[in-house]
Amino acid sequence: MFAFHVDIPAGVSTLDVHLDFLAAAPPNGFSAGASTSANLAVLSWNEVVLYPQGAAPDQISIEPFLKVPDGWKFGTALTAASTESNVTRFRPVALNTLIDSPVLAGRFFKEIPLAPDTSPHHYLEIAADGPEDLAISSDQLAALHRLVREALALYKRSEERRVGKECRSRW
């Protein structure tokens, strides 16, 4: 969306860049883009990443890190490598993976395991403006447990059909 034109002197093999980003709250409501309020935030990495023009996103390795306010927690598909104070450093990932891994963060945050007896493990992560907004009914939770189990069964059957006849015979 934006381009910075930089003249790099001959012989330079490394370029260190620092980018500050201020995520302002939208005038009306909360959006799925980079949004913030006093108690929660959504970070879309594509809004804060810099990379060379023309480079293949799956060939660029990024070592992202995230700093959240004291007392906040977050959820993302990225794998944490280390956390010190309120700064989490993630394992290196390809740029396209980073962009597909937004961060949900908040002062009021809850992680709920879904269908914990299944593998791989699934979680519902909720961030809210207040602790009362983290509530989820037992009916809603039961429906989410079923959703995970049904999706796993659907993809398992689909994979078995793709692999061959001997797998189909197990159903």
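User: Where does Ser101 lie in the chain?

Analyst: The model is predicted, with local features requiring pLDDT of at least 70, side-chain atom pairs counting only at pLDDT 80 or more, and totals for chains, interfaces and linings using all residues. Residues are numbered from 1 along each chain as its sequence is written, and side-chain values use heavy atoms, with hydrogens and water left out. Helices (DSSP runs of H or I, at least four residues) and strands (runs of E, at least two) are numbered from the N terminus. On this numbering, Ser101 is placed in the loop between helix H1 (95–99) and strand S9 (103–106).

User: Is Ser101 buried or exposed?

Analyst: The classes rest on relative accessible area with a 1.4 Å probe and protein chains only: buried is under 20%, exposed over 50%, and partly exposed in between. Contacts (heavy atoms within 4.5 Å) link Ser101 to Trp45, Thr76, Ala77 and Leu78, leaving aside neighbours within four places in sequence. Because its relative accessibility is 4%, Ser101 counts as buried.

User: Which residues does Leu98 contact, leaving aside its neighbours within four places in sequence?

Analyst: Leu98 is among the residues with the most contacts inside the largest core. With the sequence neighbours set aside, its partners are Trp45, Val49, Ile62, Pro64, Leu78 and Val93.

User: How many residues are in the second, separate core?

Analyst: This core includes Ile112, Ala115, Ile126 and Leu134. Its total is 7 residues.

User: Which side chains meet in a salt bridge, and at what N to O distance?

Analyst: A salt bridge is a side-chain nitrogen of Lys or Arg within 4 Å of a carboxyl oxygen of Asp or Glu, and the structure holds 1. Asp117 and Arg149 form the bridge, at 2.6 Å. Asp117 lies in the loop between strand S10 (108–114) and strand S11 (122–128) and Arg149 in helix H2 (residues 138–163), so the pair ties together parts 32 residues apart in sequence. Asp117 is exposed at 59% relative accessibility, while Arg149 is partly exposed at 36%; the pair asked for is Asp117 and Arg149, at 2.6 Å.

User: What percentage of the chain's accessible surface belongs to carbon and sulfur atoms?

Analyst: Accessible areas come from the Shrake-Rupley method with a 1.4 Å probe, and for residues only the protein chains shown count as cover. The accessible surface of the chain comes to about 12400 Å². The share of carbon and sulfur atoms is 54%.

Note on methods: Core = buried A, V, L, I, M, F, W, Y, C linked by side-chain atoms within 4.5 Å.
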